[in-house]
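This report describes how the parts of one protein chain are arranged. Please look at the sequence and the model below before reading on.

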Amino acid sequence: MRGELLGECFDCRARPGHERLVLDAAEIDAHVVEAAVGGGVGEQIVKALRLAETLYSVIGTDVTPLSVGRAIVDHFHLLPRAGESDYVDALLALAARYGARALFCGSELELRVMAAARERLETAGLLLPVNPTKVLETCLDKVKTADFLT
């Protein structure tokens, strides 16, 4: 495995002895942004990225500095809530800052907002593995899903 183990990660000081793999910048294959990293879905997306053969630098975001997701990402940034008008702009600026190639979302609200902003995000060169808005509208509503399946 590439990289070396270096002491505590910056955001994990509350967990003495915690170590994480720190990669040299030349070893990173791609930078990705994981929005809403503090929730269960966000955590599982980061876990999947860590298990991949590709070495990802994960830039995590959340709305609170108390996010548990801080401990599992390479860089952590606070962003506005997904429903706020400046959310997509802040997300695009963060992705540009790191040269991110993909954008993942860990909450339902981010799914909706990113799907609605798909054209802007993809124009900026970001891979957005999110279903189209029409699919989300059906899948995120139990009655619509049941009607679709019957």
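Contact means that heavy atoms lie within 4.5 Å. Leaving aside its neighbours within four places in sequence, Leu 121 is in contact with Val 88, Leu 92, Leu 103, Met 114, Leu 126 and Leu 128. The model is predicted: local features need pLDDT of at least 70 and side-chain atom pairs count only at pLDDT 80 or more, while totals for chains, interfaces and linings use all residues. Residues are numbered from 1 along each chain as its sequence is written, and side-chain values use heavy atoms, with hydrogens and water left out.

**Nonpolar cores**

A nonpolar core is a set of buried Ala, Val, Leu, Ile, Met, Phe, Trp, Tyr and Cys residues joined through side-chain atoms within 4.5 Å. Buried means under 20% relative accessible area, exposed means over 50%, and partly exposed lies in between (1.4 Å probe, protein chains only). The largest nonpolar core has 24 residues, of which Val 33, Tyr 87, Leu 103, Met 114 and Leu 121 touch the most other members. Two or more residues come from each of strand S3 (30–35), helix H2 (87–98), strand S6 (102–105) and helix H3 (108–116); here helices (H or I, at least four residues) and strands (E, at least two) are DSSP runs, numbered from the N terminus. With seven residues, H2 gives the most to this core. A second, separate core has ten residues, including Val 58, Phe 76, Ala 102 and Phe 104.

**The sheet**

Two strands pair if DSSP finds at least two bridges between them. Four strands form an open sheet in the order S5-S4-S3-S6, with parallel pairing. Strand S5 (75–78) and S6 stand at the edges with a single partner strand each, so one side of each has no neighbour in the sheet. S3 and S6 pair over four bridges, and Glu 34 stands opposite Phe 104 in S6.

**Salt bridges**

A salt bridge is a side-chain nitrogen of Lys or Arg within 4 Å of a carboxyl oxygen of Asp or Glu. By this rule the count comes to four, and the table gives some of them.

| Pair | N to O distance |
|---|---|
| Arg 50 and Asp 74 | 3.2 Å |
| Asp 89 and Arg 120 | 2.5 Å |
| Arg 112 and Glu 108 | 3.0 Å |

Arg 50 in helix H1 and Asp 74 in the loop between S4 and S5 are 24 residues apart, and this pair links distant parts of the chain. By contrast, Arg 112 and Glu 108 both lie in helix H3, four residues apart, about one turn of the helix.
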